[in-house]
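This report describes a structure for a reader who is new to the subject. Please look at the sequence and the model first, and then read on.

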Amino acid sequence: MVNRKDLLGIKELSVPEINLILDTAAGFKDVLGRDIKKVPTLRGKTTVNLFFEPSTRTRTSFELAAKRLSTDVINFSVPTSSVVKGESLIDTALTVQALGADFIIIRHSSSGVPHLLSKKLRASVINAGDGTNEHPTQALLDAFTIKEKKGEIEGLTVAIVGDIAHSRVAKSNIYCLTKLNARVRLIGPSTLIPDEIEGMGIDVFHKMEDGLKNVDVLMMLRIQMERQGKGFFPSTDEYSKNWGLTLERLSLAKDDAIVMHPGPMNRGIEIASEIADGPKSVILEQVTNGIAVRMAVMYLLAGVKR
Amino acid sequence: MTKELMNKNDIERALTRIAHEIIEKNKGTEKLCLVGIQRGGVHLAKRLASKIKLIEKKDIPVGSLDIAFYRDDLNIRKEQPIVRRTEVPFEVTDLKIILVDDVLFTGRSIRAAMDALMDMGRPAIIQLVVLIDRGHRELPIKSDYVGKNIPTSLSETVEVNLVEEGLEDRVILKKLETEEVKHGE
């Protein structure tokens, strides 16, 4: 059913495609639980991690996913590459392809870079985060985790809390969750909620006390320290006071609610430590599931005769 | 054009005979387990386990195997196969594994299944049960127990319908239109 070369965003995916990725990921999660956590599925293929923005988690997760599928992996990190010598983006990507890459995993600070490269390259391009646009595999692993915990996504109320405007994680999750018929709420200061949200059938709350009532799932976003002092919110203290997740606020959600965070966390700012380490937290499971979901994406993009 | 090769009773009798043969060849049920290849093989493995239980009064563990990750045709398929669950809830090391599939054709699925099992441990022995052997092997693979040998041409397909899939138990031979002719399972 997935008959595409690239994964650029959730926006382009159909509901059956999303479900196929999630079902396939379940098969890979089984593999990750075995003694031999590796399958020969993509033996002989090459994966290049092309990261123009620092990332440890996502890059490591993709690297492990690629290795568990038996592909060879090269990490092409920017400070050591020719990019600093002024090589253009497209030249860098074409060079990587000429080295024999079958998969190019790309992260870039500008929105739309994966889309541009996908048109120039024969290799499969997987978006690992582009600017403020999308981070599709994060949304897929979040959906996988919710499904694993809650059985079904349809009908659940999911609150996404924090800096929605600058968050590609939030954007991909909004596309993904609304496609899967969850009710999505956004909670955050009005300066950090994008205007274009209106008309998408999403409820917006500016106060945690209003937005967290009876939610099934809480998705906390990382507050980006570099936004501080730019007029989006007064200070991290102020942010934490108004939009930080405390035990008291968490008690407004349903008893069986789960708490998610894409990482890295700012403990004590957007999320209290005792919640991050508490029984409702599925944060570490998200990390594990990320490998299975990325394996599923690579598997489904590979080997379709075109 | 379709032709019935086996009906409900034929399938039932073949499985009963195979259950007896498995017990005879392995001198009982010690260390025996059944692993069905998704999907048809899983249903047949469960049926064989209940037949063996009737005869020997012993429960045989049954597992299911999805071979998608071990296939060799990733680059030549138009669509990726749906990945189904692999559930082998026992240690395969030192067990006698009876691998069960519905149709034996090129032998490539069995190769993939054996690789998948080997990644789970080191079985003492692997034996193969198939309901239908339709010939056209592309690998040196042979079944230990067979329901029925059916010579076929490459322009035909064999379909095993089972009640577990909501169909009536039967095996049918179908003639493909020329453009549908495919090589491999």
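This is a predicted model: local features need pLDDT of at least 70, side-chain atom pairs count only at pLDDT 80 or more; totals for chains, interfaces and linings use all residues.

Residues are numbered from 1 along each chain as its sequence is written, and chains are lettered from A and ligands numbered from 1 in the order in which they are written.

## Domains of chain A

Chain A is assigned domain 1 (15-134 + 290-301) and domain 2 (136-286); such bounds come from an automatic or database domain assignment. The centres of these two domains of chain A, taken over C-alpha atoms, are separated by 26 Å. In the contact between them, 18 residues of domain 1 of chain A meet 16 residues of domain 2 of chain A. Two residues are in contact if their C-beta atoms, placed from the backbone, lie within 7 Å.

On the side of domain 1 of chain A that touches domain 2 of chain A, two or more residues come from each of helix 1 (15-32), strand 4 (124-130) and helix 11 (283-301) of chain A. Helices (H or I, at least four residues) and strands (E, at least two) are DSSP runs, numbered from the N terminus. Helix 1 of chain A gives the most to this side, with five residues. By class, this side of domain 1 of chain A has eight nonpolar, six polar and four charged residues. Here Ala, Val, Leu, Ile, Met, Phe, Trp, Tyr, Cys and Pro count as nonpolar, Asp, Glu, Lys and Arg as charged, and the others, Gly among them, as polar.

## The nonpolar core

In soluble globular proteins, nonpolar side chains tend to be buried together. A residue is buried if 20 or more other C-beta atoms lie within 10 Å of its own, exposed if 12 or fewer, and partly exposed in between. A nonpolar core is a set of buried Ala, Val, Leu, Ile, Met, Phe, Trp, Tyr and Cys residues joined through C-beta atoms within 7 Å.

The largest nonpolar core has 147 residues, and A:I104, A:L218 and B:L48 have the most contacts inside it. Helix 11 of chain A supplies the largest share of this core, 11 residues. At least three residues of the core come from each of domain 1 and domain 2 of chain A. Leaving aside neighbours within four places in sequence, the contacts of A:I104 include A:V48, A:L50 and A:L117.

A:I283 belongs to helix 11 of chain A. Why does A:I283 count as buried? A:I283 is buried because 20 other C-beta atoms lie within 10 Å. Not counting residues up to four places away in sequence, A:I283 touches A:M260, A:H261, A:G263 and A:A276. A:V259 is 24 residues from A:I283 in sequence, and the two are 7.3 Å apart in space, C-alpha to C-alpha.

## Sheets and strand pairs

Chain A has an open sheet of five strands in the order 7-6-5-8-9, with parallel pairing. Two strands pair if DSSP finds at least two bridges between them. Strand 7 (203-205) and strand 9 (258-260) of chain A are the edge strands, and each pairs on one side only. In chain B, an open sheet of three strands has the order 1-8-7, with antiparallel pairing.

| Strand pair | Direction | Bridges | Bridge partners |
|---|---|---|---|
| Strand 5 and strand 6 of chain A | parallel | five | A:A159 and A:R185 |
| Strand 1 and strand 2 of chain A | parallel | six | A:T46 and A:D72 |
| Strand 7 and strand 8 of chain B | antiparallel | six | B:V158 and B:L173 |

Strand 1 (residues 46-51) of chain A is largely enclosed by the rest of the structure, because five of its six residues are buried.

## Contact between the chains

The contact takes 15 residues from chain B and 18 residues from chain A. The side of chain B that touches chain A has six nonpolar, three polar and six charged residues.

Most residues other than glycine have a negative phi, and most peptide bonds are trans. A cis peptide bond joins A:G263 and A:P264, with omega about -15°; A:P264 lies in the loop between strand 9 and helix 10 (273-276) of chain A. Another cis peptide bond joins B:Q38 and B:R39, with omega about -5°.

B:K27, which is not a glycine, has a positive phi of about 50°. B:K27 is exposed, with 7 other C-beta atoms within 10 Å.
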